[in-house]
Amino acid sequence: MIEYEKIPILKKGVVLRETANRKLLLIPEGYIELDDVSWDILRRCDGIKKLGEIIEELKSAYTGDPKIIEEDTLQLLMELKKECLLDFFSS
């Protein structure tokens with residue numbers, strides 16, 4: 001069950017890095033190249049904003065179906081959690 005009051009944050013050693021033409025998620029094993037939307041989601045995982053706040057910001061920023069925006073955001077974050085690259089904590 002997803003708790004929208006939890007705060008997502010990248011784990012220690014996992015860093016966002018932007019170069020002139022690429023957006024990367026640096027991980028201990030190398031890197032993952034991100035598309036613009038994934039980058040936008042992850043840059044909001046700053047250790048301050050709650051999951052629900054991030055989703056609401058994304059719904060305001062993008063013109064797509066709000067339900068799909070929410071589902072896609074949750075899918076990305078849960079996959080990174082499963083890969084031990086992101087965690088959620090309580091405020």
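Student: Which residues does Y4 touch, not counting residues up to four places away in sequence?

Tutor: A word on the basis comes before the answer. This is a predicted model, in which local features need pLDDT of at least 70 and side-chain atom pairs count only at pLDDT 80 or more, whereas totals for chains, interfaces and linings use all residues. Residues are numbered from 1 along each chain as its sequence is written, and side-chain values use heavy atoms, with hydrogens and water left out. With contact taken as heavy atoms within 4.5 Å, Y4 touches K50, L51, G52, I55, E70 and L74. Y4 itself sits in the segment before β1 (7–10), where helices (H or I, at least four residues) and strands (E, at least two) are DSSP runs numbered from the N terminus. The C-alpha atoms of Y4 and I54 are separated by 9.3 Å, although the two are 50 residues apart along the chain.

Student: Is Y4 to be called buried, partly exposed or exposed, and what makes it so?

Tutor: The scale is relative accessible area, computed with a 1.4 Å probe on protein chains only: under 20% is buried, over 50% is exposed, and partly exposed lies in between. Y4 has a value of 32%, so Y4 is partly exposed.

Student: How many salt bridges does the structure hold, and which residues are linked in a network?

Tutor: The structure holds 12 salt bridges, and a network of them links D40, R43, R44 and E57. Another joins E56 and K59 at 3.5 Å, N to O; these residues are 3 apart in helix α2 (residues 51–61), about one turn of the helix. Here E56, at 46%, is partly exposed, and K59, at 23%, is partly exposed too. A further salt bridge is that of K23 with E18, whose closest N and O atoms are 3.7 Å apart.

Student: What makes one say that the buried residues of α3 line one face of the helix?

Tutor: The buried residues of α3 (residues 66–82) are I69, E70, T73, L74, L76, L77 and L80. Seen down the axis of α3, they fall within an arc of 160 degrees, so they line one face; the arc is that of the directions from the helix axis to the C-beta atoms. The face turned away from this buried side carries the exposed residues Q75 and K82. Among the elements covering the buried residues of α3 are β3 (23–27), α1, α2 and β5 (86–89).

Student: How do you know that the span of α3 is close to the one expected?

Tutor: The expected span is 1.5 Å times one less than the number of residues. Helix α3 has 17 residues and reaches 24 Å from its first C-alpha to its last, close to the expected 24 Å.

Student: How many disulfides are there, and how do you know?

Tutor: A disulfide is a pair of cysteine sulfur atoms within 2.5 Å, and by this rule the count is 0. C45 is in no disulfide, as the nearest cysteine sulfur, that of C84, is 16 Å away. C45 is buried, with a relative accessible area of 6%.

Conventions
A salt bridge is a side-chain nitrogen of Lys or Arg within 4 Å of a carboxyl oxygen of Asp or Glu.
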